[in-house]
Structure formats: structure tokens, C-alpha cells
Protein chains: 2
Amino acid sequence: MTLSLDTIASNLAGLEETLIYKLLDRAQFAGNAGAYRPGQSRFQPPETASLFELRLLYQETLDTQFGRYRIPEERPFHLGLPAPRRIPPVADTGLVIRDLETVNVTGQIRQSYLEWLPQLSGVEDDGQWGSSVEHDVICLQALARRIHYGALYVGESKFREDSVRFAALVAAQDDAGLSEAITRAEVEERVLARVRAKVEAVQSVSDPELRRLVNPDTLVDFFRSTIIPLTKDGEIRYLYQRPQA
Amino acid sequence: MTLSLDTIASNLAGLEETLIYKLLDRAQFAGNAGAYRPGQSRFQPPETASLFELRLLYQETLDTQFGRYRIPEERPFHLGLPAPRRIPPVADTGLVIRDLETVNVTGQIRQSYLEWLPQLSGVEDDGQWGSSVEHDVICLQALARRIHYGALYVGESKFREDSVRFAALVAAQDDAGLSEAITRAEVEERVLARVRAKVEAVQSVSDPELRRLVNPDTLVDFFRSTIIPLTKDGEIRYLYQRPQA
């Protein structure tokens, strides 16, 4: 299967647009730190996990039964989920990967998101814990989809562009060289500029009496500090496992 | 508790804005009629229900455990869901209602939504059944929230404005009189105009290469033919059960 760079870029931009909407939706609720603390879920009988952790686990347990994690870019945040009850058809992807979990960076996604959340939603408590963690799960799924899509498809397309060079870097286990080889600074700057423009455009049509507005820098910084680096981590993982012949 | 009409109107507008976003998200996938046909879910072992029906049932089974249906305007599409595992705090609402299920119009919401879906998403099949029904559930929850919020809070606030008149209409079981008494044609026209303006504004900042655009009439018609009438049905149900003293 051919992997057109134009198609990949367009899909990535679509995933980023969706992600921006989801993050701005989460920002309508307060930080609600208690929802992330163990033992405060108000579940009966009591659970040691936080409300956030319970919501993420329950939702992934549901989603895996519907076959979500058969899609390459949909990677779960939990190990050991039940087997799918549904095997949806997956088209030939053009990827060369035996175990999709090789590129799974959801551990870092979760940690970075939770650390960044107070910048997005503040440190108040509005009592809306249930809605907050419901939106968190939606945001984490959109983040994982965007990051793993990039890791897999951009990784494969870069390999195909110069397979001899990448094979040599992988054989030499040259992490710094791989990182340099996959970095396109001008593309990253274009992504960041597009994020800023999109946040500004979306919020320009919001009613500020109904919606809390977010400083575009908050989202641009998260793309720069987390989304782009984790995508590149995933790309390198992909390249390391990819058969060279 | 005082129920300020301004607060209610502003909350309704917020719920409508959210709903519009969710419907436009669903429109990014095709109609996928097979996802709504019994026995085509690809579940193993086979299920007689459709993929859509399974997704809705599984999601509500999850959500009820987190206490979603303790919130007055969150009404479920299924009877007989498990008991909540979490009892979130609910502030005093100002509503006077013993059994929230009295105002539940989810049966009509589901039927009207599914009948209207081909106008929103067309009649093609893009293979994305899983994403389609996931978005359907989000749309149905946003619809139920908007409609039942209006039924409950607008119903109560109208009763308080003229309780003598409403008590008499209820005592006489005068459905036509009740319908006339709760109808504000100029408010309905303002809602429809706001929906049109919002759809146009949101789509004016969408990239038409990434997003399928929807004719604003499609959403305006759905508000006129379904959302507003079902809200009024719910208001009348609320008024019939409300103690008059």
C-alpha cells in the first residue's frame, strides 16, 4: 500500500483539530484535583483508585470489547484488558509492525496530560468531577490517536524515503542520529502556528458568556513540550522494530 | 431555591452549542445503515442487537455506575440499568418532582434521531461503524441533556410564573391549553436563528479539506421538528406530575 505524505499530513491535521476541540471542552470544567486522588471516587464499596483512574479503566474495558484497539493508532492506557468481542475489519495499513504495543507511549501521555491539566483548567473545584473525568478520557483518547498515528505513519513514510540511512542508524543504535533524521523543524513550526490559528479561530466564534476562553499559548506549549516530542519517541520506537529488508 | 430565567436560558444556550458541535462531529462519518441493523454487529458470540444498540447499552451501563442518572437532566435510554456505584453530590435543584423518569422522552429522542440521521450523514457506508455509533451515543446524550434540561427547568419556571393558571389547566387535563400556555413563538424563533448562526460560525472556521460541511438547514429543521416539540412534551409531563400547592 502506498502511504501518501499528503494523506498522512491531512489526517494528522484533522486529528489535531479534533484534539483542540476536546481540550477546549475540558477547559469548561475546573481542575478538580480531588478527582485524581486515590480513594476519593465516592464509589461504594470503596475503591482505592481515583475517580479519573476508574473512569479510564471502565471506558477502556468497554472500548476494547468493541474492537477499538484493533485500529493501529488507538493504543490503550491499560495492559490486560479483556479480549475484543468484536473484530472490525481493518484495511491494509502499509505499516510493518508485529506488535503495535511497541510504539505505545500512553504512560507518558497520561503523566504529561495530568501534569499540564492545571494550566488548562486551573486549580479550583467546581464539583463537576464526573464530567471532568469523562472529558479527560475523551482528551486522552484523542491525544493517543494523534500521537500514535504520527508515530506509525510518519515513521513508516520517513523510513521509505531513505531506508538505507535509517537501517544504518538503527543498526548503530544511534538514538541522537535517529532523532535528528526524523526532525523537520519547519514542519514543527507550521504545526504550532496552525494550532495557534485554530484555537484563535474556534474561540472567535464562541460566546464568552457561555464558554471559558483559553490562552492559545497553553495549547501551543503542550504541543511543543509533549505532543511533538512523544510523537518522535513513538517514531523512533517504530523504526527500531521495523524489519529493514 | 430561586430559578433565574437568565441562568436557565444561558445554560440552555450552552447545551445547544455543545449539541451542535457533537452533531457536526457525527456528520464526519457516513450514515452506515448496517450499524443500526440487528445482528450485524460482528460481535462474537453473535448478538441479536445492532452495533448501535449494543454501544448505547454498554455505555449507559458504564455511565450509570458512575452516577450519571442522578443528575435530573441526564435521563437514560434504557430501563433496568444496574444500580450506581457512585452517588455524586447533587445540589438543590429547585425542581418539584418525585420520579425523574416521568419526564423521560428518550424513546422519542432515539426514534427521531435515527430517522433524521441520513439527512445529517447521508446514506453511504464508509466502514467506520465503530466511530459512527460512538458519536451517536455522544449525540444522544447531548440531545437528552438539552431536552430534559428544558423540560424540567423551563417547566418549573413557567409554573412559578403563573401557578394558578397552570394548576387549572392541569386539573382540567387541558393538553391543548397547556401546550399553548408554554409556547413562546418568539423564543423558539430566536433559538432557531441562534442555531443557524452558530452552525455557520463554527463551519466558517473549519477547513473544508478536513471537514465535511453540513447545510445549516439540516440542524435548524431538527431543532424545529424534534428538539423543541420534545422539550415541550417533557414540560407538559413535568407540569402534570408537579404538586400544585
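Predicted model: local features only at pLDDT ≥ 70, side-chain atom pairs only at ≥ 80, totals over all residues.

User: Fine. What rotation superposes chain B on chain A?

Analyst: A rotation of 180°, with 0.0 Å of shift along its axis. The RMSD is 0.0 Å. The two copies are thus related as by a two-fold rotation axis.

User: Which residue of chain B comes closest to the rotation axis?

Analyst: B:Val202, with its C-alpha at 3.6 Å.

User: And how much area do chain B and chain A bury between them?

Analyst: About 3,400 Å². Carbon and sulfur atoms carry 51% of that. In chain B, the residues that lose the most area to chain A are B:Phe66, B:Arg85 and B:Arg86. Together they make up 22% of what that side buries.

User: How many residues does the contact take from chain B and from chain A?

Analyst: 39 from chain B and 38 from chain A.

User: Which elements give two or more residues to the side of chain B that touches chain A?

Analyst: Helix 1 (5-26), helix 2 (51-65), helix 4 (129-161) and helix 7 (185-204) of chain B. Helix 2 gives the most, with eight residues.

User: Now charges. How many salt bridges are there between chain B and chain A?

Analyst: Ten. Over all chains the count comes to 44. Between chain B and chain A there are also 19 residue pairs in polar contact.

User: What does A:Lys22 meet in a salt bridge?

Analyst: The side chain of B:Asp25, at 3.4 Å, N to O. Another pair is B:Glu47 with A:Arg85, at 2.8 Å. That one crosses between chains. B:Glu47 sits in the loop between helix 1 and helix 2 of chain B. A:Arg85 sits in the loop between helix 2 (51-65) and helix 3 (106-121) of chain A.

User: Is A:Arg85 buried or exposed?

Analyst: A:Arg85 counts as buried, because its relative accessibility is 18% and the cut-off for buried is under 20%. B:Glu47 is partly exposed, at 25%.

User: Switching to chain A. What does A:Glu161 meet in a salt bridge?

Analyst: A:Arg184, at 3.6 Å. A:Glu161 is in helix 4 and A:Arg184 is in the loop between helix 6 (175-182) and helix 7 (185-204), so the pair ties together parts that are 23 residues apart in sequence. Both ends count as partly exposed: A:Glu161 at 45%, A:Arg184 at 29%.

User: And which residue pairs with A:Asp217 in a salt bridge?

Analyst: A:Arg196, at 2.8 Å. A:Asp217 is in helix 8 (residues 216-241) and A:Arg196 in helix 7 of chain A, 21 residues apart. A:Asp217 is partly exposed at 32%, and A:Arg196 is partly exposed at 30%.

User: Which residues do salt bridges that share partners join into one network?

Analyst: A:Arg55, A:Glu134, B:Asp63, B:Arg68, B:Glu74 and B:Arg145.

User: Last topic, the inside. Which residues touch the most other members of the largest nonpolar core?

Analyst: A:Ile109, A:Tyr113 and A:Leu219, plus B:Ile109, B:Tyr113 and B:Leu219. That core has 90 residues. Among the residues that A:Tyr113 touches are A:Leu23, A:Cys139, A:Leu140 and A:Phe222. A:Tyr113 also touches A:Arg26 and A:Asp136.

User: Where is B:Gln203 found?

Analyst: In helix 7 of chain B. B:Gln203 counts as buried, at 12% relative accessibility. Its contacts include B:Leu24, B:Arg212 and B:Val214.

Technical notes
Residues numbered from 1 in each chain as written. Chains lettered and ligands numbered in written order. Heavy atoms only, no water. Core = buried A, V, L, I, M, F, W, Y, C linked by side-chain atoms within 4.5 Å. Buried < 20%, exposed > 50% of the residue type's maximum accessible area, 1.4 Å probe, protein only. Contact = heavy atoms within 4.5 Å. Least-squares fit on C-alpha atoms with pLDDT ≥ 70 in both. Buried area = accessible area lost by both parts, 1.4 Å probe. Salt bridge = Lys/Arg side-chain N within 4 Å of Asp/Glu carboxyl O. Polar contact = N/O pair within 3.5 Å; in protein donor to acceptor, adjacent residues only side chain to side chain. Helix = DSSP H or I, 4+ residues; strand = E, 2+ residues; numbered from the N terminus. Lists of a residue's contacts leave out its neighbours within four places in sequence.
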